[in-house]
Amino acid sequence: MELTLENYLAWMQDFAQKIADKKDYLSDLDSKIGDGDHGNNMARGLKAVSEALATKPADLTSALKVTAMALISKVGGAAGPLYGTAFLEMAKLSSKTVDLSELITAAAAGLQKRGGAQAGDKTMVDVWLPVRDNLKNSQLTSEKIEQAVNSTKQMEAKKGRASYLGERSVGHLDPGAVSSGYLFESMLQTGVIK
Amino acid sequence: MSYGILIVSHVPEIAAGVPKLLQQVATDVSITAAGGTDEQEIGTSLEKINQAIAANQADELLAFYDLGSARMNLEMAAEMTTKKIHLYDTALVESSYVAASLLQAGVALAAIEKQLEPLKIKGNN
């Protein structure tokens, strides 16, 4: 399971498309427990990512880096620095290894450092950690991703805007977990994992 | 003066308004602000924060923000600059006002931070 420039570009193209398709759904989820802009923010960010990747980065490291910079500068909401940091950590590590499991492990660690969220806080971390673990055991499936995303529904938010709602956040999916689910669905569907 | 103040808000108008209030009690303190996204929408922009840090005349900044994602962008900006950034998880308006008036009065950083302590209201989300 190695990340290459080719499969990475295919992965991001598919992810950008998914985000564009699900923009309204993501914002709708966010309006229930947040500020209602996750879909629009992510769509704006991924559009910038697509534009940056269209300039044909020379190698995987630069592709990951321009992805990170586009997300950090264009998303606007909390998802920008979070996703941005995740891709930046992958970019940094990619000069040493392109092993997918190791890259995602580094990304998840960066995500936790930036946002300070733990498992069970009802954030995107609740998708990234199980994905990381399942990748390690080569057991990542679409069902497992879905399971992780759905697990956020019954959680009470401890981080992010939704945490202001306390127990009223229970019963709603976390929008960042849902968009992270799309990211990893795209990873499976575009053959990054064979 | 070696200390300056940095304000980061999700809203351009808040970022423009808070320094107005502060400057009233701190005419000699360099106060710069970043508010909203690059498109002037609600959110924060790393680029704007970088610019506000660069534009500040001080090389050590006391930074105040409104909501969580502003903190994350502030942290990233702090990692990118050579200036020293002190980040406070305190009530934006009240604490930046306290800091501004004390800086103007020439109070030492440690004493200012002690005054800021009871105003800490966030950081965990």
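This is a predicted model: local features need pLDDT of at least 70, side-chain atom pairs count only at pLDDT 80 or more; totals for chains, interfaces and linings use all residues.
Let's start with the meeting of the two chains. On one side, 18 residues of chain B are in contact with 19 residues of chain A. How much area is buried between chain B and chain A? It comes to about 1,600 Å², and carbon and sulfur atoms give 48% of that. The size of an interface is often given this way, as the accessible area lost when the parts come together.

Charged partners show up here too: the count between chain B and chain A is 6 salt bridges. To see one, find A:Arg44 and B:Glu41, which form a salt bridge with their closest N and O atoms 2.9 Å apart. On chain B's side, helix α3 (residues 68-80) gives the most, with 6 residues. By class, that side of chain B divides into 4 nonpolar, 9 polar and 5 charged residues.

Now for the largest pocket, with a volume of about 740 Å³. Its lining has 41 residues, and nearest its centre lie A:Ala78, A:Leu82, A:Gly160, A:Arg161 and B:Met72. Several helices of chain A give two or more residues to this lining, including α1 (5-33) and α8 (175-189), and so does α3 of chain B. Which element gives the largest share of the lining? That's α3(B), with 5 residues. Sorted by class, the lining has 15 nonpolar, 15 polar and 11 charged residues.

Methods: Residues are numbered from 1 along each chain as its sequence is written. Chains are lettered from A and ligands numbered from 1 in the order in which they are written. Side-chain values use heavy atoms; hydrogens and water are left out. Contact means heavy atoms within 4.5 Å. Buried area is the accessible area (1.4 Å probe) that two parts lose on being put together, summed over both. A salt bridge is a side-chain nitrogen of Lys or Arg within 4 Å of a carboxyl oxygen of Asp or Glu. Helices (H or I, at least four residues) and strands (E, at least two) are DSSP runs, numbered from the N terminus. Ala, Val, Leu, Ile, Met, Phe, Trp, Tyr, Cys and Pro count as nonpolar, Asp, Glu, Lys and Arg as charged, and the others, Gly among them, as polar. On a 1 Å grid over the protein atoms alone, a cavity is a set of points where a 1.4 Å probe fits but cannot get out, and a pocket is an open set with protein on both sides within 12 Å along at least five of seven lines; lining residues have an atom within 4 Å of a point. Grid points are joined across faces, edges and corners, and a volume is the space filled by probe spheres set on the points.
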